[in-house]
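Here's a set of exercises to work through with the model open in your viewer. Try each task before you read its solution.

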Amino acid sequence: MAFVIVATIIVIGTVLWNAVSPWWFTPLASNWGFLDTTIIISLWVCGVAFVAVSGFIIYCVIKFRYKEGHKAQYQPENTKLEVILTVVTTIGVVVLLAPGLIAWNMYIQLPDDALEVEGVGQQWVWTYRFPGEDGIYGNTNGRLFSSKNTFGIDPNDPNGQDDILIRSAEVHLPINEKVVFQLRSKDVLHDFYIPQFRAKMDLVPGQQSNLWFEPTLLGTYEVACAEYCGTGHYAMRGLITVDTREDFDAWLAEQPTFFETLNEGVEGQGKQIAQTLGCVACHSDDGVNGIGPTWKNTFGTERLLDTGETVVIDEAYIKESIVNPVAKIGSGYAPVMPAYATLSEEEIDAITDYIKTLSD
Amino acid sequence: MEQGANYEGQPIHEPTGWWSRYVFSQDHKIIALQYISVALAIGLTGMFLSLMMRMQLGFPGLFESIDAGSYYQDVTMHGMIMVIYLLTALFLGGFGNYLIPLMLGSRDMAFPFVNMLSFWVYFLSVIILVSSFFVESGPTGAGWTLYPPQSILEGTPGGDGAGIILMLASLAVFIIAFTMGGLNYITTVLQSRAKGMTLMRMPLIIWCIFLATFLGLLAFPALLVGAIMLIFDRVLETSFFMPEIFKGGEVLDYGGGSPVLFQHLFWFFGHPEVYIIALPAFGIISELISCHARKNIFGYNMMVWALIAIAGIAFIVWAHHMYVAGMNPYLGFFFATTTLIIAIPTAIKVYNWVITLWDANIKMTVPMLYCLAFLITFLIGGLTGLFLGNVAVDVPLSDTYFVVGHFHMVMAVSPVLALYGGLYHWYPSVTGRMLDDTLGQIHFWITFVGTYLIYFPMHYIGFLGVPRRYYSNDQYDFIPQSVNDLNQFITICALIVGAAQFILLYNFVVSLYKGKEAGPNPWGACTLEWQALESPPGHGNWGEKLPVVYRWPYDYGLPGATADFVPQNVPDEQIT
C-alpha cells in the first residue's frame, strides 16, 4: 500500500509541479518563441504518456495484489494490443518530431539580410568583431594570433583594416534586427548561450559555426558559456546590450577599427592587454578574488604562498607570475594559470603599470 | 543447440587450492563476485565524489579544499567511474558472468581462463584510474567526455600533468578487459546452451546481456581509437583533434586537426554505451517483474525484437549529443529522426512490462518494489529524452541542468534501481541466504524517493537555463538565489541517499551470516539458476548431469499446473 500512496503522490506532484514551479523559462527576448512552444508540446505529449502509464501501474498494484492460491491470467501474446500500442506510440512520436524538425529548419537557415557579428571565445572571455564599413571581414588565420593581434587578422588584407574590434565582454546589438553570429574559438570549445534568447551554439577552434536570432526586447542580457572549457568555465560571462538602432550606431562608432588597434602604443594599454589576453577572467579589478587573486589594492602588499612563505608583490613578482605562474602560487589558489612566456617587456610593463593604478 | 552436452561429466579447471578457488579462480561465479566487489568499491568512491560536488553546490565555501579545479576533477571522475567502472563492469562482468552459464545450463563460460584474465585486466584498469588521484596535479578534470582541446591543455586540471594520460590509459586497458569478457559472453551464449535451450527460450536478461555485449564489442573500439589518438596528441604532439590554437599569449605547435572528430568517435561509443548499461537493466526488470508478479512476461517475441531494434538503432543516433557542437547542422534532421524512432521499441518494452502486471498476482517483495520504482523513474528519464533528442527542443536545454536531470534519471537512477532489485533477487542464489527484508525496505524507500527529489527539480532549473558544470552561479544575474536554496535541498537529499547506501552494505554483510536460509528456489522462479542440485550452485554448476530445457522461462500461472510456476527443466509429462 505504501507504494500506491507514494507513487500517487509522485505522479500528481510531478504534474502539478509544472503549474507551480518557481523555476521556469526566463522571459523571452528574441524571435525563438517557437522553441518554447516545442517544449510545451513535448511537456503535454510526454505528460499524458507519463500519467497514463504510471496510472496503469498504480491501478495494477492495487487491483492485482498477491492472493494466496490465486493464479495470474496466462497470456503470452496479444498481437492486436501490441500493434495498437505501437501505432499510438508512433503517432505520439510524429507529433513531437514534426514541430521539432520545423523549428530546427528555421534555426539553421541563416537570413541573408542580417547584421553580421563575429563572436570569438577564449579561456575565459568573449570578444567580438564587426566587419566594418565594407561589410567584409578581413581574413584570419590561427597562426597570426599574437597578444597584439588577438583576432588573428591578416594585417595585409585590405578588407580587415576597417573591421571593428570589441575587446571587452560587452557587445551591443540593435533591437528587432536579425543578427548572425559567426562563432570561432582561439583555444578550446566554448558555447555561446543567452538564456533569454534561447539560442545556443558551440565555438570550435579551427572552424566556424553560426547562430542567428533577432533580439526583441531592450535590455542587457548575460552570455553564459555552456560548453565546459576548463577551470574558469563558470566565470566565462559576457553581456549583450540590446539598443535602439540610434544608440547602437553611436556605440559602434566609438569602437576602434583593426587599423587603429595596430597603431596603438603599448604604453598605457595595460588594461586593454589584460582584457584581450583574458587576464580579467580570473583577476578582477574590484577586490573580489576569483579563480586567481584580485589585482585591486595588491601592489606592494605581501602575499602568503602555498608553501607557507610570503612574497612582496613587486614588479619582479608580477613578471615572474606572468612568465612562469606556477613558480610561486598564492595560498588557496589552484596552479591553473597558463604561462604567458612570449609577452614582450613592454607589454609586461604595461600590465604592471595597470596593476599599480588599481592600488589606492 | 546441444553444445552443452559436450561438457557432460567432464571436470573443468577444478580449483586445486585457496588461491585458485578464491583469487585466480576460473569459476564464473567467483569471477562475477570479484567484478561486483571491485565495481561496488569504486562505485562508492564515485558516490563520494558526487557528494563533494553537491557540498560545493549546496554549501559553497564550506569546504575550502573544494576549489574550482578539484570540483571539476570530482565531476569528471564521478562521471567516468559511474558509467564505465561501476555500471558497465557490474552489469556485464558481474551479472553477465554469474547468470549466463547458470541460466543457460552450462558448466561455465566458454573460455574460463580468458574470463579470469578479463577480471584481472579490469582490476588493473581500476588501479590505473585510482592512481591518477595520487599524481601531481591530480586526476583529469576534463569532464567525463574528455573533449579536446581542453582535456590535454593546461587550464584544465590534470590536462598538462599525468592525470589525462592515466585516464586514457585506464580506458584502453578497460576496453581490453571488456573485449576478453565480451567475446566470452557471446561465445557462451551461442555455443554452450543446455539441450532444449533455443535462442527463443533464453531468459530476456540473457538476450539483454548478449546484445549489450555486442554493442560493447562494436562501440568500444571507437573509444579505444579516440583515446589512443588523444594520447598521441598529448604526448607526441600529433594533431588529430587539435587545430591551430592560441593560448597563453602564443600559438601552440598544433594545427590541422578537428575537435569535432573526437566528439564523433566518443559518442559513436558513448551512445551505445547508454544501452550497454540500459539493456542489462531492462533484462533484470523483465526477470524480476515476471517472477514477482507471478505472471508470464507479456509479448516475449516482441520484447526480443524490440531489443534487437534498440541495439541496431543505437548505432545511428550518436550525434544527438552534438546538435549544437558545430557539426553540419543538416545532420540534425537525420539524428533527431533516428533518435525519436528508437523511442518506439523502448516504449514497447515499457508497455510489455506494465501489461505483465495486468491480471497478475503481484507480490510486493523488495525486488518487485525496485521494479515498480524503475518503471516510474525510467518513464520520466525516457520521456525527457524525447525533449533532448528532438534537435530544436534540445537547443535551449542542451548543457543545462535539464540534461543532468534527464541522464541521471535514465542512466543512473534507473539502472541502479534495477541493479539493486537484481542484488536482492539473486543474493539468495549466491549465498544461500535471504537479505533482511526490513533493511531492504528502508533502503528502497530512501533511495527511490530521495533520488526522485534530487533529480526531478533539476529539470526545472534547466528550463530556467542554469548551465551544468558550473562551479558557482554567483556571477549570473539571471540565476536567482532560489536556485542556490534548491541546491542546498538537493545536497541534503543526496547526503541522506548516500548514507542510506551503507544500509545495503550492512545488509550484505550481516545477512551473509544471519540471513534466513533461502532454500533452493525461494522466489519460485522458473529459470535454471534456481534449479541446480546444490544451493548455492557448486563448481561446475550442475553435478553429474546437465539440465535439459523443455519450455520458455516464464511459465508462471500455467493453466493445468498446481503450482503457480513450472521451471524450465520440467517436461510436460511431469507437470502436476
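**Exercise 1. Find the largest nonpolar core and say which residues have the most contacts inside it.**

Step 1: the largest nonpolar core has 293 residues. A nonpolar core here is a set of buried Ala, Val, Leu, Ile, Met, Phe, Trp, Tyr and Cys residues joined through C-beta atoms within 7 Å. Buried means 20 or more other C-beta atoms within 10 Å of the residue's own; exposed means 12 or fewer, partly exposed is in between, and the C-beta atoms are placed from the backbone.

Step 2: B:I206, B:Y370 and B:L375 have the most contacts inside this core. Its largest share, 24 residues, comes from helix α3 (residues 68-104) of chain B. Helices (H or I, at least four residues) and strands (E, at least two) are DSSP runs numbered from the N terminus.

Step 3: there's another core apart from it, with 11 residues, among them A:I273, A:C279, A:Y340 and A:I351.

Step 4: now zoom in on B:Y370. Leaving out residues up to four places away in sequence, B:Y370 touches B:L417, B:A418, B:Y420, B:G421, B:Y424 and B:F444. Contact means C-beta atoms, placed from the backbone, within 7 Å.

A word on conventions: this is a predicted model, where local features need pLDDT of at least 70 and side-chain atom pairs count only at pLDDT 80 or more, while totals for chains, interfaces and linings use all residues. Residues are numbered from 1 along each chain as its sequence is written, and chains are lettered from A and ligands numbered from 1 in the order in which they are written.

**Exercise 2. Describe each chain: what is its secondary structure, and is it compact or spread out?**

Step 1, chain B: count 15 helices and two strands. The radius of gyration (over C-alpha atoms) is 24 Å, close to the 25 Å that the globule rule gives for 576 residues, so chain B is as compact as a globular protein of that length. That rule is 2.2 Å times the number of residues to the power 0.38. The C-alpha atoms fill a box of roughly 80 × 50 × 45 Å along the principal axes, and 65% of the 576 residues count as buried.

Step 2, chain A: this one has eight helices and 12 strands. Its radius of gyration is 28 Å, well over the 21 Å that the rule gives for 360 residues, so chain A is more spread out than a compact globule. The C-alpha trace spans about 90 × 60 × 35 Å along its principal axes, and 40% of the 360 residues count as buried.

**Exercise 3. Work out the strand order of the five-stranded open sheet in chain A.**

Step 1: the order is β3-β2-β1-β5-β8, with mixed pairing. Two strands pair if DSSP finds at least two bridges between them.

Step 2: pick out one pair. Strands β1 (residues 115-122) and β2 (residues 125-130) of chain A run antiparallel over five bridges, and A:Q122 has A:V125 in β2(A) as its bridge partner.

**Exercise 4. Trace the pairings of β9(A).**

Step 1: β9(A) pairs with β6(A) in the antiparallel sense over two bridges; here A:Y193 stands opposite A:A224.

Step 2: β9(A) also pairs with strand β10 (residues 237-243) of chain A, antiparallel over six bridges. A:Y221 has A:I240 in β10(A) as its bridge partner.

Step 3: Five of the seven residues of β9(A) are buried.

**Exercise 5. Which elements build the side of chain A that touches chain B?**

Step 1: the contact takes 95 residues from chain A and 100 residues from chain B.

Step 2: the elements giving two or more residues on the chain A side are α1 (2-20), α2 (33-63), α3 (79-108), β6 (190-193), β7 (200-203) and β9 (219-225) of chain A. α3(A) gives the most, with 14 residues.

Methods. Contact = placed C-beta atoms within 7 Å.
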